[in-house]
Amino acid sequence: MIRKLFIFLFLILLTAYLVAAMTVFNKKPSQTACKDVNLVLKDSVGFSIIHKKDLLDILQRKGVSPIGIKMNDIDTRRMEEAIQKHPFIEEADCYKTPGNKIGIQVRQRIPLLRVMAHSGEDYYIDMKGKVMPVPDKAAHVAVITGFVDKKFASKELYELGKYLLSHPLWKAQIEQINVTANKELELIPRVGAQVIFLGKPGDYERKFDRLKFFYENGLNKIGWNKYSRISLEFDNQIICTKR
């Protein structure tokens, strides 16, 4: 009798276990809550101004945080719209992943030039020529100073910035671009104690080719501190001013 009772209790417990196990393992992912988010930065080129905490804060403020929400109830489109309003984010893609997580791919805006104008304005020009605010983390890019407004910076100086970026020598060498009251350009190099005068914007290829020739065939032989000013304003000429 006791043996039959033990067998009966064992069968009841086994049945309860199997029912519970089937309930757990057959539970649809859409009914489970989101555990976490995974952030992927696209084309960050080693410069990150967006972090996971920033995104979680944005989603929390906008009321679309996925953490703890059933996967089936998460609106990834609303998440994307909230994230893309951030001034440092160009594009966002949110999607559901295995393991009850949300993946967030972000393409952040990358600074090309920093503008610290005579008027007191301080901002960046990004890789698309658009004005962007200054983040907490400084970018190592050429700084524009002097008499410059946003239109001039996002058009004329944007073209110069793209040229510098595409030429590693000049990207490393030019640290400051000063705009005179006449909208002419002066460059301050990292190596060499002279001002490089470009004149009006444009014709960068020929001007920098002449400068490279002068570096290789002039300054390398006579010394880098002999001149205080190098002018590339006129075609086929390099005019230098001695100290």
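Select Asp 36 and Lys 52. They form a salt bridge (a side-chain nitrogen of Lys or Arg within 4 Å of a carboxyl oxygen of Asp or Glu), and their closest N and O atoms lie 3.0 Å apart. This pair links distant parts of the chain: Asp 36 sits in strand S1 (residues 36-42) and Lys 52 in helix H2 (residues 52-61), 16 residues apart. Helices (H or I, at least four residues) and strands (E, at least two) are DSSP runs, numbered from the N terminus.

The model is predicted: local features need pLDDT of at least 70, side-chain atom pairs count only at pLDDT 80 or more, and totals for chains, interfaces and linings use all residues. Residues are numbered from 1 along each chain as its sequence is written, and side-chain values use heavy atoms, with hydrogens and water left out.

Now show the surface around the pair. Asp 36 is partly exposed at 23% relative accessible area. Lys 52 is partly exposed too, at 32%. Buried means under 20% relative accessible area, exposed over 50%, and partly exposed in between (1.4 Å probe, protein chains only).

Next, select Arg 77 and Glu 81. Their side chains meet in a salt bridge, 3.6 Å from N to O. Both are in helix H3 (residues 76-83), 4 residues apart, so about one helical turn separates them. Arg 77 is partly exposed at 47%, and Glu 81 is partly exposed at 40%.

Move on to Asp 203 and Arg 206. This salt bridge has its closest N and O atoms 3.1 Å apart. Asp 203 is partly exposed at 33%; Arg 206 is partly exposed at 47%.

Salt bridges with shared partners join Arg 77, Glu 80 and Glu 81 into one network.

Last, zoom out. The whole structure holds 14 salt bridges.
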